[in-house]
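Reader: I have a structure open and would like to go through it. Can we take it topic by topic?

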Amino acid sequence: MGHSSAVWDPRAAIEVTKDSNGIDQVTLRVPRGSSARVSLHGGQVISWRNERGEELLFTSNKAIFKPPKAMRGGIPICFPQFGNCGSLEQHGFARNKIWSIDDNPPPLHPNNCKGGSSIDLLLKPSEEDLKCWPHCFEYRLRVSLGLDGDLTMVSRIRNIDSKPFRFSFAHHTYFSVSDISEVRIEGLETLDYLDNLRQRERFTEQGDAITFESEVDRVYLSSPNVVAVLDHEKKRTFVIVKEGLPDVVVWNPWEKKSKSMADFGDEEYKQMLCVDGAAIEKPITLKPGEEWTGQLEISAVPSSYCSDRFDRIKGIGG
């Protein structure tokens, strides 16, 4: 018996469909079975599954899938403003806009190009956007699913205006966890953070790892390029590797705030945790013609061999 020598075609692993609102969604697949789905509403990753088909991102059962409302879950993009630290709507407008597929994107640096499947998206400001944020830009986003199931997002924002502008930014990543009380974050020990529950007052992290027993809403500053989220019950660890994103947002609304959010279930805080690669404390400034690049790569690995991999990646990227 001979064996099949068919070559896997990355282009055939990309499927474009429409959601219930008629908005395009792009599904990426790789041979081992992992997948990711990206909506052109917000350029938002709305699903990331491992080779066993398990969903790795949290989406609220009460999420509203209707523009211009941003969907509660997945990985919304916060640009050109994070949170309410400015004159724009909460988390800026990028997550509420309809993006387009970029058929002819400028080449990425070879280090950003791995095997697997990917899609390039593009956002340009509308007349309405320019009224509330009068700066011309091109935002190019590449979402890639590696052959090993790792998910990578590369954001490139270029100033095509005649004057400089500033922005803050975050990939607001909702991780799915088994039980928030059984989760800890490593890699942020001893760092300073801004506590949004205390008027952005500055504190220093005292714990050996971050664990959860009440609401948390913090921005960790000047963080290392590698952070790990350990889920003891699932024996799974999310490893976050980032470039150009110096801050890390950690958020869980806990019980009281969960009940105040219309698009979030009262008990859902137990099954989610946001850990964002971000640039918040020191906004990015771009002069005319300049381009900024931020990259976030997330992988889900068994905790049994994660510590060795975590230490090895820290040595490379720290």
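Author: One term is needed at the start: a residue is buried under 20% relative accessible area, exposed over 50%, and partly exposed in between. Arg202, with a relative accessible area of 45%, is therefore partly exposed. Keep in mind that this is a predicted model.

Reader: What is the mean pLDDT of the protein, then?

Author: The mean pLDDT is 89, and 88% of the residues reach 70 or more. Over residues 1–5 the pLDDT is below 50, and beyond near neighbours in sequence this stretch has 0 contacts in the model. Where pLDDT is low, the predicted coordinates should not be read in detail.

Reader: How many helices and strands are there?

Author: The protein has 3 helices and 20 strands. It has 318 residues, and buried ones make up 53% of them. The accessible surface comes to about 14900 Å², with 48% of that belonging to carbon and sulfur atoms.

Reader: And the contacts, what share of them is between residues 24 or more positions apart?

Author: Among contacts with a separation of 6 or more, residues 24 or more positions apart account for 65%.

Reader: Back to Arg202. Which side chain does it meet in a salt bridge?

Author: Asp192, at 3.1 Å from N to O. Asp192 has a relative accessible area of 26%, so Asp192 is partly exposed.

Reader: Why would two side chains pair like that?

Author: Side chains of opposite charge can pair when their charged atoms come close. The cut-off used here is a side-chain nitrogen of Lys or Arg within 4 Å of a carboxyl oxygen of Asp or Glu. By this rule the count comes to 20 salt bridges.

Reader: Which residues are linked in a network of salt bridges?

Author: Asp102, Lys124, Glu138 and Arg140 are. Within that group, Arg140 forms a salt bridge with Asp102, and the closest N and O atoms are 2.8 Å apart. This pair links distant parts of the chain, 38 residues apart: Arg140 is in strand 8 (residues 137–145), while Asp102 is in the loop between strand 6 (100–101) and strand 7 (117–123).

Reader: Are Arg140 and Asp102 buried or exposed?

Author: Both Arg140 and Asp102 are buried.

Reader: And where do Lys124 and Glu138 come in?

Author: Their side chains meet in a salt bridge too, at 3.7 Å from N to O. Lys124 sits in the loop between strand 7 and helix 1 (127–132) and Glu138 in strand 8, 14 residues apart. Lys124 has 48% relative accessibility and counts as partly exposed, whereas Glu138, at 16%, counts as buried.

Reader: Different topic. How many disulfides are there?

Author: The count comes to 0 disulfides. The cut-off is a pair of cysteine sulfur atoms within 2.5 Å. For the sulfur of Cys78, the closest cysteine sulfur is in Cys274, 9.1 Å away, which is too far for a bond. Cys78 counts as buried because its relative accessibility is 0%, while Cys132 counts as partly exposed at 39%.

Reader: What about the nonpolar core, how many residues does the largest one have?

Author: The largest nonpolar core has 68 residues, and those with the most contacts inside it include Phe79, Tyr139, Phe167, Ile185, Phe212 and Leu273. Strand 19 (residues 272–286) gives the largest share of this core, 7 residues. Apart from it lies another core, of 9 residues, among them Leu194, Leu221, Val249 and Ile280.

Reader: Pick Ile185. Where does it lie?

Author: Ile185 lies in strand 12 (residues 183–186) and counts as buried at 0% relative accessibility. Leaving aside neighbours within four places in sequence, Ile185 is in contact with residues including Ala209, Phe212, Val229, Val250 and Leu273. Ile185 and Phe212 are 27 residues apart in sequence and 9.5 Å apart in space, C-alpha to C-alpha.

Reader: Last one: is His171 buried or exposed?

Author: His171 is buried, with a relative accessible area of 0%. His171 lies in strand 10 (residues 165–171). Not counting residues up to four places away in sequence, His171 touches several residues, among them Ile75, Tyr139, Met153, Leu245, Asp276 and Leu296.

Terms used: Residues are numbered from 1 along each chain as its sequence is written. This is a predicted model: local features need pLDDT of at least 70, side-chain atom pairs count only at pLDDT 80 or more; totals for chains, interfaces and linings use all residues. Side-chain values use heavy atoms; hydrogens and water are left out. Helices (H or I, at least four residues) and strands (E, at least two) are DSSP runs, numbered from the N terminus. Buried means under 20% relative accessible area, exposed over 50%, partly exposed in between (1.4 Å probe, protein chains only). Contact means heavy atoms within 4.5 Å. Accessible areas come from the Shrake-Rupley method with a 1.4 Å probe; for residues, only the protein chains shown count as cover. pLDDT is the predictor's confidence in each residue, from 0 to 100. A nonpolar core is a set of buried Ala, Val, Leu, Ile, Met, Phe, Trp, Tyr and Cys residues joined through side-chain atoms within 4.5 Å.
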